[in-house]
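Take a look at the model below.

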Amino acid sequence: MKRFDQINMIPFIDIMLVLLAIVLTTATFVSQGLIEVNLPTAEQVSEPPEDEEPLEIAIDAQNQLFLAGEQVTLEQLGDKLTTQAKPETLIVLRIDKAAVFEHFVKLIDLLKAKELSNLSIQAQQEP
């Protein structure tokens, strides 16, 4: 029986080139400024009321924070909430399921400090 002392690297290189092409292709979509949030799933999902315009806060998979589509830091968000939000303002939270839970906790802590409790956490309906 013949022993194999070498590893054939050609299939590995082929796979890496395909993965590189996929990453470069998807990177162009990410750089266009669209906030892609992969929402968690839930059994009970309801839509926010249509009669009021909610204020949307999002955290993407890279843990970047967005207010109404504009990237902000946690400190900037606190300043903007002071001027833009009232206690009765509906705030919709869109948190990517890959985001670090600590960022969600910090966001909730900031909203509590600003006395904003009219929250809706957006999720996808389970299939």
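Glu70 is partly exposed, with a relative accessible area of 44%. In this predicted model, the Glu70 side chain meets that of Lys80 in a salt bridge, 2.7 Å from N to O. The pair links distant parts of the chain: Glu70 sits in strand β4 (residues 70–72) and Lys80 in helix α2, ten residues apart. Lys80 is partly exposed too, at 24%.

How many salt bridges does a search of the whole structure find? The count is three. One of them joins Arg94 and Glu56, at 3.7 Å from N to O. Again the partners come from distant parts of the chain: Arg94 belongs to strand β5, Glu56 to strand β2, and 38 residues separate them. Arg94 counts as buried because its relative accessibility is 16%, under the 20% limit. Glu56 is partly exposed, at 32%.

Glu102 and Lys106 both lie in α3, four residues apart, about one turn of the helix. Their side chains meet at 3.4 Å, N to O. Glu102 is partly exposed at 47%, and Lys106 is partly exposed at 39%. Side chains of opposite charge can pair when their charged atoms come close.

Asp96 sits in the loop between β5 and α3. A polar atom of the Asp96 side chain lies 2.7 Å from the backbone nitrogen of Ala98.

Now step back to the fold. The chain has three helices and seven strands. From the N terminus, the order is α-β-β-β-β-α-β-α-β-β. Among contacts between residues at least 6 apart in sequence, 73% join residues at least 24 apart. Buried residues make up 24% of the 127 residues. The accessible surface is about 9,700 Å², and carbon and sulfur atoms account for 57% of that surface.

Next comes the interior. In soluble globular proteins, nonpolar side chains tend to be buried together. Here the largest nonpolar core has 19 residues. Those with the most contacts inside the core are Ile57, Leu77, Leu81, Leu93, Leu107 and Leu111. At least two core residues come from each of β2 (55–59), β3 (65–67), α2 (74–84), β5 (91–95) and α3 (101–113). Helix α3 gives the most, with five residues.

Leu107 lies in α3 and is buried, with a relative accessible area of 0%. Beyond its neighbours within four places in sequence, Leu107 contacts Ile57, Ile59, Leu77, Leu93 and Ile95. Leu107 and Ile57 are 50 residues apart in sequence, yet their C-alpha atoms are 9.2 Å apart in space.

Most residues other than glycine have a negative phi. Asn63 is not a glycine, but its phi is positive, about 65°. Asn63 is found in the loop between β2 and β3 and counts as partly exposed, at 24% relative accessibility. Glu115 has a positive phi as well, near 60°. Its place is the loop between α3 and β6 (119–121). Glu115 counts as exposed because its relative accessibility is 60%, over the 50% limit.

How values were computed
Residues are numbered from 1 along each chain as its sequence is written. This is a predicted model: local features need pLDDT of at least 70, side-chain atom pairs count only at pLDDT 80 or more; totals for chains, interfaces and linings use all residues. Side-chain values use heavy atoms; hydrogens and water are left out. A nonpolar core is a set of buried Ala, Val, Leu, Ile, Met, Phe, Trp, Tyr and Cys residues joined through side-chain atoms within 4.5 Å. Buried means under 20% relative accessible area, exposed over 50%, partly exposed in between (1.4 Å probe, protein chains only). Contact means heavy atoms within 4.5 Å. Accessible areas come from the Shrake-Rupley method with a 1.4 Å probe; for residues, only the protein chains shown count as cover. A polar contact is a pair of N or O atoms within 3.5 Å; within protein, one must be able to donate a hydrogen and the other to accept it, and residues adjacent in sequence count only if both atoms are side-chain atoms. A salt bridge is a side-chain nitrogen of Lys or Arg within 4 Å of a carboxyl oxygen of Asp or Glu.
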